[in-house]
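Subject: Structure handover

Hello,

Here is the structure for you to look through. Please open it beside this email and follow along.

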Amino acid sequence: MPLNKKLLSERDICTKFISPALERTGWDIQTQVREEVSFTKGKVYVRGRLVKRGQPKRADYILYYKPGIPLAVIEAKDNNYPVGAGMQQALDYAGRENLDLPFVYSSNGDAFLEHDRTKTSGLIEREISLDAFPSPEQLWQRYRKAKGIDDTANEIITQDFYVDPTGKAPHYFQLKAINRTMEAIAKGQNRILLVMATGTGKTYTAFQIIWRLWKAGIKKRILFLADRNILVDQTRNNDFKPFGSAMTKITSRKVDKAYEIYLSLYQAVSGTEEIDNIYKEFSRDFFDLVVIDECHRGSAAEDSAWREILDYFNSATHIGLTATPKETKYVSNIEYFGEPVFIYSLKQGIEDGFLAPYKVVRIDLDKDLQGWRPEQGMLDKYGLLIDDRVYNQKDFDRILVLLKRTELVANRVTEFLKGTNRFDKTIVFCEDIEHASRMRQALVNENADLVSENEKYVMKITGDDSEGKAELDNFILPESRYPVIATTSKLMTTGVDAITCKLIVIDQNIQSLSLFKQIIGRGTRINEDFGKLFFTIMDFRKATELFADPNFDGEPVQIYEPKPEDPPVPPDDTAKPGSDDETIIVDVLPPNGGEGPPTQARIKFYVDDVPVFVINERVQYYDKDGKLITESLKDFTRRSIRKEYASLDAFLNVWSKAERKKAIIEELEKQGIFLEVLKEVVGKDLDAFDLICHVAFDQPPLTRRERAENVRKRNYFTKYGEKARTVLNELLNKYSDEGIEHIEEINVLKLPGFGKFGTPIEILESFGGKEKYLEALNELETALYKAA
């Protein structure tokens, strides 16, 4: 009997027609073809306490010229669709914001529709037969022609990636960064900027670039520069480990020219005195490649000591890595490196599901908003005369310390952790080291019960504190329980991979968008094994007003501003001179253990008898378009649903015609509407249908149990045999307990409650077969919503 394509599934079309066509035209299924590739992780949605991943973007086929060098995407459809039915979806996947591939195909098993973004075939779109699909070499030559890649550049661009024995491989966006950099260098570009959000693997991306250039023999000696020791050590021990004995770290101001890969702190090879500039012991042309990590912090400034190193090795290719390129009147990354060859933003990382979304808890304190002025002649705690003027938020903890304010902040942080999980890793960013020390003490007192169990529950981790710095690795390590709370100033703003950090507290004045992004980056990493899918920012200094900056690229999912009597847990419902990351603050602790006044040049006044209170409340959500909405979850849902369905009749029409009601629920979830959370807010045991009708269209709701009982009262089951009636009654029970989406799939018959009726096949036979069962189920759904 001839094969009827119309009866085949999409997967059958792939295995019986598309894959064989690829093999016949020279594609190696093992190394050049990947099927059903999920290239994103699926966005993490947070509504109240519900956290859920959306669907990842999944391509039916991605074709590679060789591993790591993707060329084409194919979207397959079953044979009931025309050849080009999958083209628009395929074009979205192949677009510059996603896979960025030159060749795009759609197929239903009869032929291919080709979309050639290189335009080298003459036509942008054309239909080709299954046997005329281009070979790997044909597509690669078309790509080379479009990009102007000569034979010399081709050898560089096609150099193999490092193959990790653990199976680790670059994500799609890392491949884009690596391959664009390789192409730029192959074409002679010597200043390259990569902008990748914190937590997206900049160092791993740099490793693959260096590895390929090194193995190709194009770059034989490489210098990797960073400005913090922890960054160099993390790089050496983790991502760069495969370089093995070819790699060294420059320490003790000693130069050994026998290596090929050099890792160094800027400070280790340079200094204020000429004798300290040991980088000059290398000849100017010693290095072929210099990679600058966190290049926004110094190398962009023309008169910086770091820039002198880059100018000395001027003949080398320079690659700058940053999450936050700096563009001010005084400092510019782009002026030095040129426009970025690749950008992967925080917003894109959250959208793809590689980075964690976040909530914001904004807490305004009365003295911060209203200011505070001392009485004339008032002395501080240590007997110093306080300057007579109004002190405001920017002064607190820099010039004037309200000790009650510190205690209140510590109290609100503790209350938040008590309402969530007291062992969630937490970083508290303070104004300076003295403030971090004082905050540690206040948090110790607020958490005396847990500190008595382990004194490392709260630790100050700052540059001056050897004991605290010694605990940094334990804070970072997911398996290590202590420390739980770290107070800090500048040390932990970058380079700290605190994967399980769930709470970031900002009690530091921040005007720099660059620094703000770096601080947020401490929480953006996801670790599903430890339940870390989102994090919370607790803001006491209005730092999160920087969300309004047009250059900010990753909005929070919720903003909450509690009143004084409210718990801090949300209900389920560009720098200028003098700004914080341009100014070096000299931190001095009060002498004699805090028993005497500070003696540093910058005087701080300490006031211990002025009360401070919390004021204000506002709950805000960001919708799917990234717009800030000030409304309740019910109002947000109502507005969003009415954008999808203009009237109740329009919704009822879609609901009644939908073969699977679950599909409607899933579509709403894509818009950020989670009915499970709404059920908790409404407080009733309602079906998805009633939730939508009640919240969006003001209809009186029925509970699931009431709907099930109405069906039973109508004697709906009498037309079926005894066994079929008992199965339908059990389906009604299942609906009453869990909702319509849980009875739509035929797999429900495999659940324990249905085992007493026989096997799924026997149950279907009691209805007269699968089609008759599905008809009965459809009639049951119609009966459930008949009144509506």
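Below is what was found, taken topic by topic.

Keep one point in mind from the start: this is a predicted model.

**The sheet**

Begin with an open sheet of 7 strands. Their order is β11-β12-β10-β13-β14-β9-β15. The pairing is parallel. Which strands stand at the edges? They are β11 (247-249) and β15 (342-344). Each has a single partner strand, so one side of each is left without a neighbour in the sheet. On average, neighbouring strands are turned by 15 degrees against each other, direction ignored.

A helix packs on this sheet too: α5, residues 172-186. Helix α5 touches β9 (191-196), β14 (317-322) and β15. The direction of α5 makes about 170 degrees with that of β9.

β10 (residues 222-226) and β13 (residues 289-292) pair in the parallel sense over 4 bridges. Find L223, and you will see V290 of β13 opposite.

**Salt bridges**

Side chains of opposite charge can pair when their charged atoms come close. How many salt bridges does a search of the whole structure find? It finds 44. Three of them are described here.

Take R405 and D397 first. Their side chains meet in a salt bridge at 3.5 Å, N to O. Are the two residues buried or exposed? R405 is buried, because its relative accessible area is 1% and the cut-off for buried is under 20%. D397 has a relative accessible area of 2%, so D397 is buried as well.

Next, look at K604 and E434. Here the N to O distance in the salt bridge is 2.7 Å. K604 has a relative accessible area of 1%, so it counts as buried. E434 is at 3% relative accessibility and is buried too.

Then turn to R422 and D449. Their side chains meet in a salt bridge at 2.8 Å, N to O. Where do the two residues lie? R422 is in the loop between α13 (403-419) and β19 (425-430). D449 is in helix α15 (residues 448-453). The pair therefore ties together parts that are 27 residues apart in sequence. R422 is buried, with a relative accessible area of 18%. D449 is partly exposed, with a value of 39%.

**Two crossing helices**

Move on to helix α26 (residues 722-738) and helix α27 (residues 760-767). Their axes come within 8 Å and cross at roughly 115 degrees. The crossing of α26 past α27 is left-handed. Which residues make the contact? From α26 they are K723, A724, V727 and L728. From α27 they are E762, I763, S766 and F767. By class, the contact has 5 nonpolar, 1 polar and 2 charged residues.

**One more residue**

Last, look at D233. This residue sits in helix α7 (residues 229-237). D233 is partly exposed, with a relative accessible area of 26%. In sequence, D233 and L263 are 30 residues apart. In space, the two are 8.8 Å apart, C-alpha to C-alpha.

Best wishes

Note on methods:
Residues numbered from 1 in each chain as written. Predicted model: local features only at pLDDT ≥ 70, side-chain atom pairs only at ≥ 80, totals over all residues. Heavy atoms only, no water. Axes fitted to C-alpha atoms, helices over the stretch in contact; angles between N-to-C directions. Left-handed = near helix turned anticlockwise from the far one by under 90°. Contact = heavy atoms within 4.5 Å. Nonpolar A, V, L, I, M, F, W, Y, C, P; charged D, E, K, R; others polar. Salt bridge = Lys/Arg side-chain N within 4 Å of Asp/Glu carboxyl O. Buried < 20%, exposed > 50% of the residue type's maximum accessible area, 1.4 Å probe, protein only. Pairing = 2+ DSSP bridges.
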